[in-house]
Amino acid sequence: VQDSCSTASPNSAEHFSSRIVAYRSMAEESQQLLFETDSEPGLQATPRPRYHRLGALLLTFALLGLGSLVQLAPHQKSLRGNEAGVVQDSLSLFEPVDGGAERACRGATSSDNQPTYFLVTSAVDLASCQLQCLQTGCQGVEFHASNGRCELWTRPEGIQASAEFTPSVCYRRVGILEPVDGGLDRACRGSSPGDNNPAYFQIEDLQLFDDCQRECLRTAECRGIEFSVGRCEIWTRPEGIQASISLSGFLCYRAVNTATTSTGTTTTQTSQTSTVSSTLTTATLTSLTTTVSMTSTSMTSTSTISTLASTPSSPSPSPPGLLVDFRGVDGGVDRVCRGADPDDNNPIYFEVFDADDLEACKELCAGTSDCVGVESIGRRCEVWTRPAGIQATREVAGYQCLELVTFSLVDGGGSACRGTSAGDNMPEYYEVFTEPTLEDCQQRCANTTDCEGVKYSGTRCEVWNTPILASVSITTGDFQCFRFGSRPRLTFLTEVAASTWSTIGFDAECRGETSEDDSPSYYSLVTASSLQRCQERCLALTICTGIEYRPGHCELWTRPAGVQATNALVNSVCLQRPSSPPPGAIQTKYVAHYMPWFVGFQSGVYDHWCVGNAHYQSYLGQYNLNDRAIVQQQLDLMKNASIDGVWIDYQLASWNAVIDIVMEETATRGMGVAIVVDSVTNPNIFIESRDKMIEWTNWPHYYRVNGNAVIPVFQTPDVNFEPFPFDAYYIVRRGGPPPSWANGTYPWVTPSLSVLDVYYQEDHTLSSFAVGAAYRGFRDCYKDRTLITPFLQMLEPTLMLASKYQPEFVQVITWNDYSEGTMIEPSWVRPRDVCLSTCVEENIQPCLTSSACDSGFDPLDCTKPYDSFSGPVDPQCNSTATANADDDLRLLTQHIRAEETGTLQVKYHAGMFEQKVVEAFNWYSRKAEYHPPATPQRVDGIFVKK
């Protein structure tokens, strides 16, 4: 994050406000990336480590309110229940009947216990039982902790009495969780969209939406929830959630309190504690994903995702002549449907309807073009439309989970079925029967456990037990070939059949030397919406030798020896790339993010050395970049290190002269250049820089993609964007939803390798124009404070991660940002109590010392020499290790050259580099002791000591 060289006082509120905005965005980056995977709708995202927005906000308040960072205490979760550890239920959603404890639910009287009043299921605890009630719209629950028995009461008049019964508890549902402003892609707020006081909620590390709802049910004061994958906010603000903002990947739901009075078959609910009323009927029972339309006196619930309704919207008829059938998933009986695993029950996967019975539920599914199966119990019918299908189940008594299966005509008819190629027609692939009609032939297939399809002609019926991936045209006879399976399976077969790549294994996953050899270093997991897109991403990666693909899953294999074995896995295919480029064909350009803000002490302009402060000292001293010789020496160093060019940060017109020098000197060295438009200190930078940007982008060595000038943007929320009068490709810093005018994104410094890995996995706007990041870490010192806990030793893993994905550009962050300690320029650790001499001499600052930035949570940097170009590390490290000022640059050089020559061994995977930075209230501390690296070997020609 960049700082200012303006004339404003560095202690001013305006100065620090601009930095806080940028840091808040940086702190929320991990949280936002976790859910933005660009995957197909309904696919389960992989949980990742994350930042807490709570910490970011409190850090902001500390900076604004106190003017300096004070010591922060670790976050303490709110206590739930009482001190004895009894967990209470949410009083906003359920109320105990006659005290609740040791009570059994009853109808009109304490002896009214008709079995038709409730459905019996199982649950691990009371909250899980109540969650089932919320999802089905039941009237209340009776739960037995001793055996997990969960009674979901559906009696229209509700629970009106109870009886004493020691093993059970009885609760009446008195509320619903309703979506706020639609619920999807919304983040919760208090009284207004800007009201996000961290006191309103407590944060839980939960991976599933269901678990977040359960936690709300366990919290007596819960007034609603905000959820994104891995993060659950339990809102306890007494006034509840009254507003929301748009934020991709988030869900916001609020509790609506009610009490129950009977009105026959319709239950109208009101409450003394709530101004909201809700109408629930036995035909339209509200579940967890409900939108609400307001009237003057009531609120009627209607469905957007998962509401019990009488009929589906605009059902599509099944194709004529094709049999549609259903088969149990994992046996089907006493099973509830799930997505990728038994815990994956995302409400966007299905829509809930009221159906007379199972057959009526099947009819609803058969009439819905994208239905993949049903879950049914009583009158409740879930119509599943998850693109990847139903891949798992969980045992729950009384439920049924069925998968829709049907037939797909191959090549429009007139074809005979084949195996993997037109000549593959082994007799063991099928069994021949005589059937009078095509429908009878299809029915025989449907009744056969391992049927993959049929070939029918006249009365000859071939029932195939091998996947049909090819066909041949038959001009004589009335031949028809049909594939058979679930809709996701048929889509998958069609994709594989259309591929021209060699099949290493069908219904199989790729492996290394043996079927058990599946090292994560062999492949990169990326996002791809189809098999074709997975293949395209492999082709864009020069070291990719093949792919493993299944719906929602794409692995790009980069193992040097290629794929040598497979392992059985249904609906997965392992394909070999037709041809691979020779070693050394990688075209990644490494560019240094360059700060031109060291401009000397001109009238009215403060030089950044004295605006900033730093823990480090450049090998060139406190230089002035208006000195062309300094710029020349820096660029020569970059050129010798195989850095392709520079991305120049641009905030103020006072930097123009320096940038002009850099433009001229890069051109003479054959280096590329791009201008990073940075609005941190100047929201009008687009408007004010128009003429200079026209001039700079006209240089022939300016970076372009498809003829468009590359314009990286370090944006802030207040930036006044105005497009330049030339064709440009605007890429913005990743950190929250990109603005509508952005063409793409680039990553910035983050302590989480997992977050960076997720960024690379995404399918970017232009797949051939992805941007990566490599950096040594972050250790900032701003005048007399530290804004964020440092993290170091990141250069090697970020370089390896970049090489694994081979983006077009890798931005080395940074060449010379000393205030944030990200510089790759040769440097060493400053003595703590030594003033920045230039600032004193120019009477800019009386004395800036790095000890002023000691924060109590600042880890030592034991990777750089102390107060000299070469020698021992910081004495406080208590280490005998030595280091050189150019160690980071040397490592970068070795990596780039190995990549260029094809000798780099890319072995990165998530577990290879242990992350020694842990989350603690949004600031970070080292957990492990420092282990000094071995003394590195120098690379000749990289550095000439001044």
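Residues are numbered from 1 along each chain as its sequence is written, and side-chain values use heavy atoms, with hydrogens and water left out. Because this is a predicted model, local features need pLDDT of at least 70 and side-chain atom pairs count only at pLDDT 80 or more, while totals for chains, interfaces and linings use all residues.

**View 1. Residue S415 in strand β21.** S415 belongs to strand β21, residues 415–418, where strands are DSSP runs of E with at least two residues, and helices are runs of H or I with at least four, numbered from the N terminus. S415 counts as buried because its relative accessibility is 5%, buried meaning under 20% relative accessible area with a 1.4 Å probe and protein chains only. Its contacts (heavy atoms within 4.5 Å), not counting residues up to four places away in sequence, include V410, S471, F479 and C481.

**View 2. Helices α15 and α17 packed together.** Helix α15 (residues 795–805) and helix α17 (residues 887–901) pack at about 20°, their axes lying 11 Å apart, where axes are lines fitted to C-alpha atoms over the stretch in contact and angles run from 0 to 180 degrees between N-to-C directions. The two helices are therefore roughly parallel, a term for angles under 35 degrees. In α15, L795, E796, L799, M800 and S803 meet D888, L891, L892, H895 and E899 in α17.

**View 3. The enclosed helix α3.** Eleven of the eleven residues of α3 (residues 126–136) are buried, so this helix is largely enclosed by the rest of the structure. Just after α3, G137 takes a positive phi of about 75°.

Terms used. Buried means under 20% relative accessible area, exposed over 50%, partly exposed in between (1.4 Å probe, protein chains only). Angles under 35 degrees count as roughly parallel, over 145 as roughly antiparallel, 65 to 115 as roughly perpendicular and the rest as oblique.
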